[in-house]
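Please keep the sequence and the coordinates at hand while reading.

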Amino acid sequence: MDFGGGDEIRFERLGKAGVVTLTRPQALNAVTHRMVKALDKALRAWERDHEIDVVVVKAEGRAFSAGGDILHVYEAGRAGKPPVDFFADEYRLNARIARFKKPYVALIDGIVMGGGVGISFHGSQRVMTENAQFAMPEVGIGFFPDVGASHLLPDLGGSFGMYLALTGNRIRYGDALWSGLATHTIKAEDQAGFLDRLAASGDPESVLRGFFIPARRETDGPTLEAIARHFAQPSLCDVIGSLERAALTDAFAAKTLATIRTRSPTSLHVAWREISAGLTLSMDECMRMEFRILNRMLAGHDFYEGIRAAIIDKGSTPLWRPAGIDKISAADVDAYFAPLGERELEL
């Protein structure tokens, strides 16, 4: 089945299932524009196809998808042609997955971050194995949690989503299950059997009942209580103040504060506002908000500086502008969320 996408993404029918496989393992299945367009085309066709009852998205190699193809974004942006069209199509795809009328099963065995989250976690069943890890690490590269993170993360109880957004920390499958990010956990060795049974029945819920293995939460109770206390504060400055007060005697607060202080101050302010706002917005409204932010980020400094430090000059320290969290005003943050007029995202 050819929906485009070349050798980067494969589409096949297995019984009652339409199966999508990400096939860029050498690039940790980073999501490209070509993959986005092909997946969108496939979903439109399969939603109308009476012989397909369920869609499954999986990946080759040791990562599900480590994010979007940010090196391409960096190079295009530096050349004065930021790839706004790529993000517009990607965000439209994220919204399409969220409202897809058939079961959409993401089978995650390995790391899933950024753009990879966008094509998996808006589906109806998010299935993770013991090899899976989840992160939205964008604040560390001067970007912001996008691809619908403003819709996903606010719903997690105990301010866990705000914690993930502001730290970029990774979690394993138990935390993902207990927070509600994942809907099911299964053994990695059962993936092939699960797929065979799903192709035969087309009903993911009944099949998953036979494969579900409960995972224990990795983060302990006192740490979850600390996250809920610190990250529920009414402003970013209050979050940091809360961590600062506790850091004198509490190792978790000290470590978390140290992590946040390495992140882009602009990204932290934008992420805090975006995750707070997303609590009361629909998925489509979240994607429009994120597209507004995206346009400003691509015209700014920190995103390109973050990519330079992380990828171009591997492991160097980014020089954020402004460099201090207290150097950014409410008006500065407002500008990222301002309407785009004729350039608003059309869904």
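In this predicted model, four strands form an open sheet with mixed pairing, in the order 4-6-8-9. Strand 4 (63-65) and strand 9 (171-172) are the edge strands of this sheet, and each of them pairs on one side only. Strand 4 is joined to strand 6 (residues 111-113) by two bridges, and the pairing is parallel. Within strand 6, valine 112 is the residue that stands opposite serine 65.

A further open sheet contains six strands, arranged in the order 1-2-3-5-7-10, and here too the pairing is mixed. Strand 5 (residues 104-108) and strand 7 (residues 125-128) run parallel and are connected by four bridges. Leucine 107 has valine 127, in strand 7, as its bridge partner. Helix 1 (residues 33-48) packs on this sheet, where it touches strand 1, strand 2 (17-22), strand 3 (54-59) and strand 5. The direction of helix 1 makes about 20 degrees with that of strand 1.

The loop between strand 2 and helix 1 contains threonine 32. Is this threonine 32 buried or exposed? Its relative accessibility is 7%, and threonine 32 therefore counts as buried, the cut-off for that class being under 20%. When neighbours within four places in sequence are left aside, the contacts of threonine 32 are Glu8, Arg24, Asp69 and Phe86.

Attention now turns to a pair of helices. The axes of helix 3 (residues 84-98) and helix 14 (residues 283-298) come within 10 Å and cross at roughly 165 degrees. Because of this angle, helix 3 is roughly antiparallel to helix 14, a description that applies to angles over 145 degrees. The crossing of helix 3 with helix 14 is right-handed.

Which residues meet where helix 3 and helix 14 are in contact? Helix 3 contributes Val84, Phe87, Ala88, Tyr91, Asn94, Ala95 and Ala98. From helix 14 come Met283, Asp284, Met287, Glu290, Phe291, Leu294, Asn295 and Leu298. The residues of this contact between helix 3 and helix 14 comprise 11 nonpolar, two polar and two charged ones.

Key
Residues numbered from 1 in each chain as written. Predicted model: local features only at pLDDT ≥ 70, side-chain atom pairs only at ≥ 80, totals over all residues. Heavy atoms only, no water. Axes fitted to C-alpha atoms, helices over the stretch in contact; angles between N-to-C directions. Parallel < 35°, antiparallel > 145°, perpendicular 65-115°, else oblique. Left-handed = near helix turned anticlockwise from the far one by under 90°. Contact = heavy atoms within 4.5 Å. Nonpolar A, V, L, I, M, F, W, Y, C, P; charged D, E, K, R; others polar. Pairing = 2+ DSSP bridges. Buried < 20%, exposed > 50% of the residue type's maximum accessible area, 1.4 Å probe, protein only.
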